[in-house]
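Please keep the sequence and the structure in view while reading.

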Amino acid sequence: LLKLFDERKLVDAIVVDKVIGRAAAAICAAGGARKVVAAVMSRDAKAFLASSTNCVTCIAEPDTVERFGAFMSERFLPAAYLLRNVPNVCAPVALAPSWNVALGGGFRWGYWHFHEALKQTLVRAGVPFDVLRESEQTASVYSRYGAVVAPMRNFATRAEREALAAAAEGGTELVLDSHSKLDLTNATVLADLRNEDRLAHPPGGKEKMGRPLRAWALARRDAWRKGMAAWSEEDGDGSYTFAKELDGMRFVIVVNDTRADDRGIFGTFCTNDWYRPLCAARRIRTHLRDAAGLTVTLFNPTDGNHAVTVGREGVVEGDFAPGESKVYCLASRPPAELSLGLRGEPCVGGKVELALSLVAKDGSPQRGRQVVRLRVRRPDGSAADESGLAVLSGGTGSVVLRFAHDDERGSFFRKWKVEAEDLATGLTADLSFALK
């Protein structure tokens with residue numbers, strides 16, 4: 001836009017862009033644009049352009065910003081709090097990017113896009129995988145996996161080569177590409193990964209890089225599934241399943257937003273297909289390994305129903321909307337009670353600690369991690385700043401409540417109120433108090 005502005009090409013022009021904010025709106029208006037059209041436009045930009053141009057159009061629905069904010073606070077952030085830094089249950093495959101590839105001219109090959117394409121290929125094949133950091137690329141870590149994909153090893157340090165060689169000798173299958181200069185035993189070389197047209201943008205251009213890897217993964221997937229913590233029958237055909245575990249509590253994530261054909265994300269971002277639904281609504285059957293005797297619940301369901309029926313052989317079924325994800329929580333002991341308590345005396349201008357506790361039927365703290373939604377309300381019913389999400393570790397957690405000097409103290413009939421809900425089970429608790 002700035003270049004067009006400097007060249008005076010915005011005068012009486014029709015500007016079409018994906019996103020228009022205040023800065024872009026100011027440039028269009030100052031440049032004399034006749035009409036501005038955007039897929040997403042901020043409220044300030046729309047108001048500004050409406051007073052400066054003859055016509056302004058936002059393709060997105062009028063309440064897009066509000067709906068996105070609600071999605072982030074109600075759906076995305078709770079799952080992010082639950083799964084943050086929770087390790088994956090050991091996947092059958094590890095992707096080991098070469099962080100030294102830039103020294104050998106890796107950026108000339110589109111280094112970042114190359115690895116992203118390989119990640120997407122494994123997702124679309126329905127195979128769980130880990131991405132190893134440089135510090136994790138050791139023989140002992142490699143040995144945990146049935147296979148290690150080590151792309152773009154045109155340049156390798158002695159330590160890298162020795163680690164890969166030791167893993168190969170120990171039985172781990174290595175997957176290399178035509179960039180590799182390594183001569184290792186037990187290695188599969190997928191020469192076709194080197195696609196000379198990968199930097200162009202024809203439909204499916206970058207997907208061609210992953211076809212050999214996908215064929216390789218699909219040939220081994222059924223054997224790998226025997227040892228997976230969870231998998232879905234629709235994986236590789238528009239869904240993706242992987243598992244995480246923390247302190248004896250397992251989380252199984254099922255995603256319904258992957259494309260199964262060559263019109264993947266790298267083949268559509270330059271076309272209008274980018275804006276079309278990622279996939280169709282479907283019913284997904286997920287197999288949970290060692291689910292017998294465990295309590296399975298649905299985390300933060302849209303309809304409020306946390307109950308999950310586990311069928312024979314640990315199979316659960318769920319109806320998924322386009323682009324929807326679900327998190328199944330597997331616990332060895334079902335929680336029985338959520339409780340709240342205050343540590344200290346609440347007073348005007350002071351602070352108090354709100355203690356949260358989630359215990360099992362035997363009174364012991366619940367294992368793993370829990371996310372609780374808090375609603376802290378003043379005596380007049382308005383929400384306090386402390387409303388939001390609280391994370392419990394091992395069934396316990398706390399939140400500090402702070403009170404201003406002009407906060408209403410409350411009375412017998414008008415009190416401060418705290419409402420809490422465990423998002424994995426639906427258990428609730430509440431607490432009322434007045435300030436002194």
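Is the crossing of α2 and α3 left-handed or right-handed? In this predicted model, the crossing of α2 and α3 is right-handed.

## The α2 and α3 pair

Helix α2, which covers residues 22-31, packs with helix α3, residues 43-50, at an angle of about 15°, and their axes lie 8 Å apart. Because angles under 35 degrees count as roughly parallel, the angle makes α2 roughly parallel to α3.

On the α2 side the contact is made by R22, A25, A26, C28 and A29, while α3 contributes D44, A45, F48 and L49. Sorted by class, the residues in the contact of α2 with α3 comprise seven nonpolar and two charged ones, with no polar residue.

## The chain as a whole

The chain contains nine helices and 22 strands, and 46% of its 436 residues count as buried. When the contacts in the chain with a separation of 6 or more are considered, 62% of them are accounted for by residues 24 or more positions apart.

## The loop between β13 and β14

H306 is found in the loop that runs between β13 (295-298) and β14 (315-320), and H306 is buried, because its relative accessible area of 10% is under 20%. The side chain of H306 reaches the backbone nitrogen of G426 at a distance of 3.5 Å. Leaving aside its neighbours within four places in sequence, H306 is in contact with V296, T297, L298, N300 and P301, and also with E421, D422, L423, A424, T425 and G426.

V310 is also found in the loop between β13 and β14, but V310 is partly exposed, with a relative accessible area of 34%. If residues up to four places away in sequence are not counted, V310 touches A291, V296, V315 and V316. The C-alpha atoms of V310 and T295, which are 15 residues apart along the chain, are separated by 9.2 Å.

## The loop between β20 and β21

G410 is found in the loop between β20 (396-402) and β21 (416-422), where G410 counts as partly exposed at 26% relative accessibility. With its neighbours within four places in sequence left aside, G410 is in contact with P379 and A434. From C-alpha to C-alpha, G410 and K436 are 8.8 Å apart in space, although 26 residues apart in sequence.

Most residues other than glycine have a negative phi. Which phi value does D12 have, although it is not a glycine? D12 has a positive phi of about 60°, and its place is in the loop between α1 (2-6) and β1 (14-20). At 48% relative accessibility, D12 counts as partly exposed.

N85 likewise has a positive phi, near 60°, in a residue other than glycine. The place of N85 is in the loop between α4 (64-83) and β4 (93-95). Is N85 buried or exposed? N85 counts as exposed, because its relative accessibility of 73% is over 50%.

Definitions and conventions:
Residues numbered from 1 in each chain as written. Predicted model: local features only at pLDDT ≥ 70, side-chain atom pairs only at ≥ 80, totals over all residues. Heavy atoms only, no water. Axes fitted to C-alpha atoms, helices over the stretch in contact; angles between N-to-C directions. Helix = DSSP H or I, 4+ residues; strand = E, 2+ residues; numbered from the N terminus. Parallel < 35°, antiparallel > 145°, perpendicular 65-115°, else oblique. Left-handed = near helix turned anticlockwise from the far one by under 90°. Contact = heavy atoms within 4.5 Å. Nonpolar A, V, L, I, M, F, W, Y, C, P; charged D, E, K, R; others polar. Buried < 20%, exposed > 50% of the residue type's maximum accessible area, 1.4 Å probe, protein only. Polar contact = N/O pair within 3.5 Å; in protein donor to acceptor, adjacent residues only side chain to side chain.
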